[in-house]
Amino acid sequence: MENSTYSTGINFILLGLFDHTQTHRVLFSLVFMTFIASLVGNTLMILLIHTDPRLHTPMYFLLSQLSLMDLMLVSTIIPKMAANYLLNSRSISPAGCGSQIFLFLTLGGGECFLLSAMSYDRYVAICHPLRYHVLMSHKLCSQLVAGSWLMGGIDGLMQASATMSFPYCHSREIDHFFCEVPLLVSLACADTTVFELFRYVCCTLMLLIPLSLIVASYSLILAAVLRMHSAAARKKAFTTCSSHLAVVGLFYGTLMVIYMRPKSYHSVGHSKVVSAFYTIFTPVLNPLIYSVRNKDVKGAFRNWLGKTHAM
């Protein structure tokens with residue numbers, strides 16, 4: 001145990017996503033601009049929702065929490081990756097690694113449950129519009145959000161503490177651009193079979209339980225929409241739900257590829273690409289998806305611009 005990375009505080013080495021060739025410098029610049037766009041887009045979404053009275057509804061409150069999670073996610077991963085690249089450094093401390101794991105899993109797990117809460121909100125709005133304010137009260141909405149953060153936090157704490165408790169006696173090189181549990185555990189010089197089985201079951205449940213609730217909600221929504229006699233009402237319902245379904249598809253598609261594949265199918269290069277899409281590009285796409293076809297958000301943005309110019 002005297003060579004254990006965790007016990008001695010010896011840093012891990014992140015091999016990163018880019019090297020210093022001209023092509024990779026251009027790619028790094030694109031990633032960094034995407035990071036800035038994500039910060040601006042999600043911050044603006046939160047600002048609009050909290051300042052415009054028309055957006056003070058359960059649907060937009062849940063959306064503001066999604067933007068907050070995305071904002072924290074990119075801030076957890078990209079600044080460290082960018083600093084290491086610009087300073088030509090690859091090290092990350094065990095505490096920093098554990099923090100990345102905890103925050104990444106907390107935000108990922110929390111987003112799973114938050115998306116299922118958002119699908120329930122759409123189900124109530126479309127299938128029970130007259131009882132919407134009763135079935136989606138402010139109290140219930142706050143409880144759903146708190147439960148999402150809590151479930152994500154429990155998952156993150158369990159996996160981060162277990163992962164960082166293993167001795168790392170040999171290679172300290174992580175072939176990734178951030179600390180991810182599967183790659184880190186593969187470096188441990190201890191039997192991790194039980195933990196890997198537990199992690200696989202835990203991740204599967206964290207993904208499939210919320211996903212089953214989303215599928216159930218949208219199955220009921222689809223049945224209700226097909227019974228609508230008004231073409232305008234059907235179009236409005238489909239427009240409202242399509243944004244959420246696009247976000248669900250992006251989120252669950254990438255996470256299932258990362259966490260639900262058997263160990264024998266893991267490829268480092270493939271994992272990097274999928275992780276980059278989830279951690280870098282999905283957070284910038286979410287505010288775009290929810291704003292492009294949303295009249296309320298576009299209206300709030302125009303009002304905000306008008307107030308800004310008037311100052």
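Visitor: Which residues touch the most other members of the largest nonpolar core?

Guide: A nonpolar core is a set of buried Ala, Val, Leu, Ile, Met, Phe, Trp, Tyr and Cys residues joined through side-chain atoms within 4.5 Å, where buried means under 20% relative accessible area with a 1.4 Å probe, protein chains only. Here the largest such core has 78 residues, and Leu-115, Ile-174 and Tyr-252 touch the most other members. Helix H4 (residues 94-127) gives the most to this core, 14 residues; helices are DSSP runs of H or I, at least four residues, numbered from the N terminus. The model is predicted: local features need pLDDT of at least 70, side-chain atom pairs count only at pLDDT 80 or more, and totals for chains, interfaces and linings use all residues. Residues are numbered from 1 along each chain as its sequence is written, and side-chain values use heavy atoms, without hydrogens and water.

Visitor: What is Leu-115 in contact with, beyond its neighbours within four places in sequence?

Guide: Contact means heavy atoms within 4.5 Å. The partners of Leu-115 are Leu-66, Ile-214, His-244, Val-247, Val-248, Phe-251 and Tyr-252.

Visitor: Is H4 roughly parallel or roughly antiparallel to H8?

Guide: Axes are lines fitted to C-alpha atoms, for helices over the stretch in contact, with angles from 0 to 180 degrees between N-to-C directions. The axes of H4 and H8 (residues 193-226) come within 9 Å and cross at roughly 15 degrees. H4 is therefore roughly parallel to H8, as angles under 35 degrees count as such. Among the residues of H4 that meet H8 is Leu-115, and Ile-214 is one of those in H8.

Terms used:
Buried means under 20% relative accessible area, exposed over 50%, partly exposed in between (1.4 Å probe, protein chains only). Helices (H or I, at least four residues) and strands (E, at least two) are DSSP runs, numbered from the N terminus. Angles under 35 degrees count as roughly parallel, over 145 as roughly antiparallel, 65 to 115 as roughly perpendicular and the rest as oblique.
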